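Please open the model in a viewer and keep the selection panel at hand.

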Amino acid sequence: MIIRVVLPAHLRTLARVGGEVKLDVEGPVTQGAVLDALEAAYPMLRGAIRDHATHVRRPFVRFFACELDLSHESPDTPLPAEFRCCSPWSSCSPAGRSWSCRSKR
Amino acid sequence: MSGVRVLVGTRKGGFVLTSDGKRQRWDVSGPHFAGWEVYHLKGSPADPRRLYASQSSSWFGQQIQRSNDGGQTWEPVGNKFVYDGVPGTHQWYDGTPHPWEFARVWHLEPSLTEPDTVYAGVEDAALFRSADGGQTWQELPGLRGHGSGSTWQPGAGGMCLHTILLDPANPERMFIAISAAGVFRTDDAGRTWRPMNRGLRSEMLPNPTAEVGHCVHRIARHPSRPDVLFMQKHWDVMRSDDGGESWREISGNLPSDFGFPIDVHTHEPETIYVVPIKSDSEHYPPEGKLRVYRSRTGGHEWEALTKGLPQRDCYVNVLRDGMAVDALDPCGVYFGTTGGQVYASADAGDSWAPIVRDLPSVVAIEVQTLA
């Protein structure tokens with residue numbers, strides 16, 4: 001499934017991308033699976049969103065999808081059905097259905 | 001023709017300033033890593049094209065960037081800094097035990113001979129080493145494990161290992177300094193360490209002459225005299241003539257002996273520079289006058305260097321990594337301020353001019369002299 005991810009500005013700078021990135025996530029689409037795919041595509045993001053070893057989310061980073069705050073959900077919980085059904089990404093509406101990783105400022 | 005490259009770390013990115021040997025006209029490139037704090041950048045003495053940069057953020061943690069072309073392009077390398085074994089605790093501000101937690105890399109010190117070898121001084125204080133160009137990092141655990149680690153405490157800026165001095169004549173010897181623990185020396189390439197703080201006096205400690213706990217802000221040395229060390233402590237400017245075994249005060253006639261950076265003239269081992277700051281609660285120059293002080297006698301007797309520097313209404317600070325010298329003749333001296341100015345002197349401090357005036361707050365300055 002193709003997942004669109006919106007990164008905050010600092011991580012876009014680090015990953016040298018503009019706007020959103022598109023990831024091909026295999027298997028169940030969970031927060032952990034999206035992060036795994038993100039870090040595989042952009043290795044420089046390892047350690048910037050979650051801990052290298054424990055995979056615990058960095059304290060000031062939050063995860064949003066479908067206008068929901070999923071920051072405190074288990075990384076193994078499937079993402080909302082509305083989110084999961086919007087594959088491929090091109091069939092999604094522009095707002096509210098991409099998965100975003102944001103810093104709280 | 002010879003030239004210089006000034007590497008500037010700021011609160012919102014890194015900058016590279018270049019000039020020919022006259023040091024009158026400058027090109028400014030950057031910001032690199034825009035929006036991120038750049039605590040330090042430094043070039044390899046063995047290969048001046050190889051640069052390392054510490055890029056960090058309270059939100060997104062630590063990154064290490066590496067350049068192989070003198071700062072024109074950069075690539076992120078390893079950012080995994082894991083303490084060896086169970087990290088244990090150090091003293092928190094209130095004196096209670098606090099777990100060791102990695103926060104950021106304060107200082108990167110490339111090897112004098114191997115471009116792929118680089119040391120990192122980090123907060124919470126520890127020393128790491130990479131032998132593969134920054135891809136992987138291993139702690140030298142003998143420092144934290146030497147026995148006093150549980151009594152170290154953070155200075156106002158955090159418990160940082162901020163100074164790493166390598167010895168050109170003896171690869172087994174290294175000095176490091178921690179705020180607030182003090183100076184430590186290894187004579188076996190980092191396996192074991194000894195505190196080197198005899199002669200320091202810090203009134204903020206329960207025992208002002210304790211073996212560790214001193215808030216050392218910076219140490220510097222001339223490569224031709226490895227046993228002569230100069231120190232800017234929280235308060236007091238100090239000197240050691242015996243490789244750190246003992247220290248004596250050389251503050252002399254300074255208007256304030258509080259400050260952060262200290263550096264040594266490239267060609268005159270007894271000529272040293274400091275930037276006096278009013279106090280630990282007022283981090284700006286005395287009387288609103290930005291003055292570098294130079295001693296040509298290895299301390300005690302200091303002269304104010306003011307030509308070209310603001311002499312009224314100036315309330316900036318110069319941080320501990322914020323001063324550097326080049327190797328040209330006459331020696332160039334550079335410093336950056338929290339107000340975003342980078343000042344340069346092409347005549348050993350006699351006169352100054354700003355290279356740039358309006359960068360983000362400057363954290364660190366390093367200089368490379370190019371053939």
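The stops below lead from the whole complex to individual strands, residues and cores.

**The complex as a whole**

Begin with both chains displayed. This is a predicted model, and the predictor assigns the complex an ipTM of 0.81 and a pTM of 0.92. Colour chain B by confidence: its mean pLDDT is 96, and 100% of its residues reach 70 or more.

**Chain A**

Select chain A, whose secondary structure comprises 3 helices and 5 strands. Traced from the N terminus, the elements follow the order β-α-β-α-β-β-α-β. Of the 105 residues in chain A, 29% are buried. Among the contacts of chain A with a separation of 6 or more, 56% are between residues 24 or more positions apart.

**The contact between the chains**

Next, display the residues at which the two chains meet. Chain A supplies 13 residues to the contact, and chain B likewise 13 residues. On the side of chain A that touches chain B, the largest share, 5 residues, belongs to helix H1 (residues 9-15) of chain A. By class, that side of chain A consists of 7 nonpolar, 5 polar and 1 charged residues.

**The sheet S3-S2-S1-S30 of chain B**

Hide chain A and turn to chain B. Which strand order does the open sheet containing S30 of chain B have? The order is S3-S2-S1-S30, with 4 strands and antiparallel pairing. Strand S3 (27-32) and strand S30 (362-370) of chain B are the edge strands, each pairing on one side only. From one strand to the next, the twist averages 15°.

Now select strand S2 (residues 13-20) of chain B together with S3(B): the two run antiparallel and are joined by 4 bridges. Within this pair, B:Val16 lies opposite B:Ser29 in S3(B), and B:Leu17 has B:Val28 in S3(B) as its bridge partner. S2(B) and S3(B) form a hairpin with 6 residues between them. In the turn, select B:Arg23, which has a positive phi of about 60°.

**The sheet S26-S27-S28-S29 of chain B**

Move on to another open sheet of chain B, in which 4 strands pair antiparallel in the order S26-S27-S28-S29. Its edges are strand S26 (323-325) and strand S29 (353-356) of chain B, each of which pairs on one side only. Neighbouring strands here are turned against each other by 25° on average, direction ignored.

Select S26(B) and strand S27 (residues 333-336) of chain B, which run antiparallel and are joined by 3 bridges. B:Met323 stands opposite B:Phe335 in S27(B).

**Strands S14 and S15 of chain B**

Select strand S14 (residues 160-166) of chain B next. Why can this strand be described as largely enclosed by the rest of the structure? The reason is that 5 of its 7 residues are buried. S14(B) is joined to strand S15 (residues 174-179) of chain B by 6 bridges, and the two strands run antiparallel. One pair to display is B:Ile164 with B:Ile176, its bridge partner in S15(B).

Centre the view on B:Val122, which is located in strand S11 (residues 118-123) of chain B. For a sense of scale, draw a distance from B:Val122 to B:Ser224, 102 residues apart along the chain: their C-alpha atoms are separated by 28 Å.

In soluble globular proteins, nonpolar side chains tend to be buried together. The largest nonpolar core here has 101 residues, and those with the most contacts inside it are B:Val6, B:Ile176, B:Tyr334, B:Val342 and B:Ile365. S30(B) contributes the most to this core, with 6 residues.

Apart from neighbours within four places in sequence, its contacts include B:Val6, B:Val8, B:Leu17, B:Tyr334, B:Pro354, B:Ile355, B:Val362 and B:Ile365.

Another core, of 21 residues, lies apart from the largest one, and its members include A:Leu7, A:Val21, A:Leu23 and A:Val29.

Definitions and conventions. Residues numbered from 1 in each chain as written. Chains lettered and ligands numbered in written order. Predicted model: local features only at pLDDT ≥ 70, side-chain atom pairs only at ≥ 80, totals over all residues. Pairing = 2+ DSSP bridges. Axes fitted to C-alpha atoms, helices over the stretch in contact; angles between N-to-C directions. Contact = placed C-beta atoms within 7 Å. Nonpolar A, V, L, I, M, F, W, Y, C, P; charged D, E, K, R; others polar. Buried ≥ 20, exposed ≤ 12 C-beta atoms within 10 Å, placed from the backbone. pLDDT = per-residue confidence, 0-100. Core = buried A, V, L, I, M, F, W, Y, C linked by C-beta atoms within 7 Å.
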